[in-house]
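Good morning, and thank you for making time for this item. Please look at the sequence and the model first, and I shall then go through the fold, the core, the sheet and the charged pairs.

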Amino acid sequence: MQWFYVFKGDGGTLYSPEFPRGGLAALFGANILQVFSSPTLLLSVDGRNHDETSFTNMGTFSNITTGGLKQLDLGNLKEILRFGFTISAATAAAGVAIEMVAPQWRPYS
């Protein structure tokens with residue numbers, strides 16, 4: 001479980017630290033604790049295998065504009081994963097306080 005404060009800033013995508021896959025599929029959870037200045041959060045799960053140098057998008061949560069628990073169920077995951085956070089908003093101070101809940105791993109897709 002990791003906590004993040006994500007703000008629009010210059011509008012670029014921020015990434016979580018990389019972490020190893022714990023199964024071939026997982027249910028990912030994002031608990032949106034607070035929303036600042038009406039942002040839209042695009043939250044992606046990106047992955048790559050050990051022999052690859054770049055990440056590809058494995059799946060994306062629906063555009064997030066409100067608080068609460070959001071979930072995304074994905075299969076056929078790559079070996080190394082990370083989360084990508086992109087904020088769309090009118091001001092650089094817009095953002096979210098987010099808790100990434102530990103994934104519920106499955107040994108099958």
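This is a predicted model: local features need pLDDT of at least 70, side-chain atom pairs count only at pLDDT 80 or more; totals for chains, interfaces and linings use all residues.

Of the 109 residues in the protein chain, 40% are buried, where buried means under 20% relative accessible area, exposed means over 50%, and partly exposed lies in between, with a 1.4 Å probe and protein chains only. Residues are numbered from 1 along each chain as its sequence is written, and side-chain values use heavy atoms, with hydrogens and water left out.

Let me begin with the overall fold. The protein chain has zero helices and nine strands; both are DSSP runs numbered from the N terminus, helices being H or I with at least four residues and strands E with at least two. The C-alpha trace spans about 40 × 30 × 20 Å along its principal axes. Of the contacts between residues at least 6 apart in sequence, 79% join residues at least 24 apart, a contact being heavy atoms within 4.5 Å.

What lies at the centre of the contacts in the largest nonpolar core? This core has 25 residues, and those that touch the most other members are Phe28, Leu41, Leu43, Val45, Phe85 and Ile98. Two or more residues come from each of strand S1 (2-7), strand S4 (25-36), strand S5 (40-48), strand S7 (68-74), strand S8 (80-88) and strand S9 (95-106). By nonpolar core I mean a set of buried Ala, Val, Leu, Ile, Met, Phe, Trp, Tyr and Cys residues joined through side-chain atoms within 4.5 Å. In soluble globular proteins, nonpolar side chains tend to be buried together.

Four strands form an open antiparallel sheet in the order S1-S9-S4-S7, where two strands pair if DSSP finds at least two bridges between them. S1 and S7 are the edge strands, each pairing on one side only. From one strand to the next the twist averages 25°, with axes as lines fitted to C-alpha atoms, for helices over the stretch in contact, and angles running from 0 to 180 degrees between N-to-C directions. S1 and S9 are joined in the antiparallel sense by six bridges, and valine 6 has valine 96 in S9 as its bridge partner. S4 and S9, also antiparallel, are joined by 10 bridges; here leucine 27 has glutamine 104 in S9 as its bridge partner.

Next, the charged pairs. How many salt bridges does the structure hold? There are four, a salt bridge being a side-chain nitrogen of Lys or Arg within 4 Å of a carboxyl oxygen of Asp or Glu.

One of them joins arginine 48 to glutamate 18, with the closest N and O atoms 3.6 Å apart. Arginine 48 is in strand S5 and glutamate 18 is in the loop between strand S2 (14-15) and strand S3 (19-20), so the pair ties together parts 30 residues apart in sequence. Arginine 48 is buried at 14% relative accessibility, whereas glutamate 18 is partly exposed at 45%.

Another joins lysine 78 and glutamate 52, at 3.2 Å from N to O. Lysine 78 is in the loop between S7 and S8, and glutamate 52 is in the loop between S5 and strand S6 (56-60), 26 residues apart. Lysine 78 counts as buried at 19%, and glutamate 52 as partly exposed at 26%.

Arginine 106 and aspartate 73 also form a salt bridge, with the closest N and O atoms 2.9 Å apart. This pair links strand S9 with strand S7 across 33 residues.

Finally, two loop residues. Most residues other than glycine have a negative phi. Serine 38, in the loop between S4 and S5, has a positive phi of about 55° and is exposed at 66% relative accessibility. Asparagine 76, in the loop between S7 and S8, likewise has a positive phi of about 55° and is exposed at 61%.
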